[in-house]
Amino acid sequence: MIFTETKLKGAFIIDVKRLEDERGFFARVWCRREYEQMGLNAELVQASMSYNKQKGTLRGLHFQMPPYAETKIVRCTSGMIYDVIVDLRPESETYLQWISVELSGENARMLYVPEGFAHGFITLEDHTSIQYMAGQYYTSGAETGIRYDDPALNIHWPVAPSVISERDLRHQPYHPVLIQEKITNPI
Ligand SMILES: Cc1cn([C@H]2C[C@H](O)[C@@H](COP(=O)(O)OP(=O)(O)O[C@H]3O[C@@H](C)C(=O)[C@@H](O)[C@H]3O)O2)c(=O)[nH]c1=O
């Protein structure tokens, strides 16, 4: 695998090495040893997927609060997404900055999201499937989110969202004090 650090320190784009032949190609998508050599969290405990019927489906921006903060590795297995992460680490030089990466079944690209980030995506095609690996168990009471259209973050979504959950619409814009209160009393 080829690891490229993004401008948000600790967040990596991971490309596969394709071993091509007449059938197509073979590629590794996870290796504990390579992750350890890169200094990344190799203690993954859950894998999940989501399937999205329509282009313009937006999920996010989500994260779990400490002590349940999670590393995520995101991969699109079919279709295409515009994947976004936001740096919520107050001590970081890129605090509150965001990046986007296009992940698709075609490019087989992955995004490694360290703890301390919010994550979301919008689908760019119908019938898009995502697979995640996570470094922490899903803990519903610790999961929270930020509005995808928070003016302070000013995320540029390339298509208008057409499908979004009620829960995601209820998220508030980012407010460090409110988040801190939740962290103090996570569940
Ligand atoms: C995320 C998750 C949800 N659920 C349940 C809760 C709910 O009944 C149903 C759907 O949950 P949600 O609406 O939160 O699903 P979704 O909006 O797809 O949530 C996901 O969004 C992306 C952006 C992420 O980064 C993921 O980590 C996750 O938060 O599945 C689990 O049982 N385990 C899980 O790990």
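A residue is taken as buried if 20 or more other C-beta atoms lie within 10 Å of its own, as exposed if 12 or fewer do, and as partly exposed in between, with C-beta atoms placed from the backbone. The model is predicted, and local features need pLDDT of at least 70, side-chain atom pairs count only at pLDDT 80 or more, and totals for chains, interfaces and linings use all residues. Residues are numbered from 1 along each chain as its sequence is written.

For "active site", the unreviewed UniProt entry lists His62 and Tyr132; UniProt positions follow the numbering used here, feature names are shortened, and annotations may be inferred rather than shown by experiment. The two residues span 71 residues in sequence, yet no two of their C-alpha atoms are more than 13.2 Å apart, so they gather at one spot.

Tyr132 lies in strand 12 (residues 128-134), strands (E, at least two residues) being DSSP runs numbered from the N terminus. With 18 other C-beta atoms within 10 Å, Tyr132 is partly exposed. Apart from neighbours within four places in sequence, Tyr132 is in contact (C-beta atoms, placed from the backbone, within 7 Å) with Ala47, Ser48, Lys72, Ile73 and Val74.

His62, placed in strand 6, is likewise partly exposed, with 18 other C-beta atoms within 10 Å, and its contacts, neighbours within four places in sequence left aside, are Ala118, His119, Gly120, Glu143 and Gly145.

The ligand is surrounded by 13 residues, of which the closest are Arg59, Gly60, His62, His119 and Tyr138, a residue being counted if its C-beta atom, placed from the backbone, lies within 6 Å of the molecule.

Notes: Helix = DSSP H or I, 4+ residues; strand = E, 2+ residues; numbered from the N terminus. Contact = placed C-beta atoms within 7 Å.
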